[in-house]
Amino acid sequence: MTSPEGQILAAQHSGARRVAVVTLGCARNEVDSEELAGRLAGDGYELVADAEDADAVLVNTCGFIESAKKDSVDAILAATDSGAQVVAVGCMAERYGSELAGALPEATVLGFDDYATIGDRLDDVLTGRPLVPHTPQDRRMLLPISPVDRTAAVQAPDAPAIPGHDWLRRKRLASGPSAALKIASGCDRRCSFCAIPAFRGSFVSRPAGEVLGEAHWLASQGVTEIVLVSENSTSYGKDVGDLRSLEKLLPQLAAVPGIVRVRVAYLQPAELRPGLLETIATTPGVAPYFDLSFQHSSPTLLRRMRRFGGTDDFLGIIDRARSLAPGAGFRTNVILGFPGETEADVAELERFLVEGRLDAVGVFGYSDEDGTEALTLPGKLDQDEIDARVRRITDLVEELTAQRAEERIGTVVEVLLTDDLGAATEPGTWGGHAAHQDPDADGTTTVTGVPEGAVAGQVVRAEVVDTEGVDLVARVVVSTGSTAWDPTLAVPAGV
């Protein structure tokens, strides 16, 4: 294997500079990685898929919870095995800065403020010029406290960096028909367990025109489904004085030529207004899909989390959505073992899960996070007890979500095709995901009877005939009394 010094000399001699981008964490990070990739390509870097072929490896880290941080550290160390220069960016790098650099001398650590000059920074790394890692700061302090004062502030020449908002520099790293589109960044909420606002900053909406422009660009890249992401999508528009901004934007996005489905992720239950709920549930081209971060359902425990609502409130939201869209999909995340959580709190969460009949639930154990209020709360549980509660709720969730999938047998779902499985199984078999399934996290749908000529990104109507856990098995719907393919029952990509 060529030494790092040899790689640098070879790169300088040939003029080639190759970089691999590794992304950890959520879809928001994926958008950030694609912006970084576009900037690097514009600066003359060649993007390669394999770290073994790269002069530098850019690891976009996640810093949300302890397990995610461990995964990020493991990815950084694995990247060093390639012999390439390793650069850590992203949430963990921003959150810990010089501390992370001291703990991992194998990597160069860059913060969000380095993104605009990422090509120059990689040049520094490859030529051996020393870089001083940043000292972390609370990025909420970089913008005005009042949301309505932020519009001018983010347009100022010295505005703080907000990753993922510069779609003109974005370059797709994936090739599938679904792609994330960031509508906002940051968060103004103060959940006692969450450190994200401190390193992502205050909430900033992107102008609707920018979002629509990026949607048109994604469609030109072969994307037919866009997933709107942010730290809190229900806050979209509040900093420009219009809380109905997302309700107005969704029909416009659904009308973009080539886009056949729009999906909204990261909804905050306490901010889900009736009008937005109705828009998501009833607008043609918008998936009736509700990604709601309930986190728990015990009202007492939720107050300790600095959140609102409870079992009955959340069941009311679900009932209202299902009254408008009976087949609507619901996913959430829940935290077990938060300080002060009692057996009664866990039982209340179980009641909610049983009655709510959700399609997908992520179950996480509480971990102390630097800089959060929860770090100082009394009533900490032993790790063994947290682990036991996670297993208990995970087992319940697996049973309940499988039952929810079975309830869909006999119904007709709209499936976005992603993978032609015909060569491995039988002709006309495709993998994809229905409207109630997020493309990355909520199970899949295998469709049979798809006609020759179908393409990835096309939406077909299919009847659910079986399930495998949360995954569905379906067969394409044909006209009554006919076994022939009815093209009117499909929505081709590009229409």
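Student: What span should the 25 residues of helix α15 (residues 383–407) have, and how far apart are its end C-alpha atoms?
Tutor: The expected span of a helix is 1.5 Å times one less than its number of residues. For α15 that gives 36 Å, and its end C-alpha atoms are 36 Å apart, so the two agree. Helices here are DSSP runs (H or I, at least four residues), strands likewise (E, at least two), numbered from the N terminus. This is a predicted model: local features need pLDDT of at least 70, side-chain atom pairs pLDDT 80 or more, while totals for chains, interfaces and linings use all residues. Residues are numbered from 1 along each chain, and side-chain values use heavy atoms, without hydrogens and water.

Student: Which residues of α15 are buried?
Tutor: Buried means under 20% relative accessible area, exposed over 50%, partly exposed in between (1.4 Å probe, protein chains only). Among those buried in α15 are Ile386, Val390, Ile393 and Leu400. Their cover includes α13 (311–324), β12 (329–336) and α14 (343–356).

Student: How are aromatic pairs described?
Tutor: By the distance of the centres and the angle of the planes. Rings of Phe, Tyr and Trp (its six-membered ring) pair if their centres lie within 6.5 Å; planes under 30 degrees apart are stacked, over 60 edge-to-face, the rest tilted. The whole structure holds six such pairs. Phenylalanine 290 and phenylalanine 330 are stacked, at 5.4 Å centre to centre and 15 degrees between the planes. Phenylalanine 290 lies in strand β11 (residues 289–291) and phenylalanine 330 in strand β12, so the pair ties together parts 40 residues apart in sequence. Both phenylalanine 290 and phenylalanine 330 are buried.

Notes
Contact = heavy atoms within 4.5 Å.
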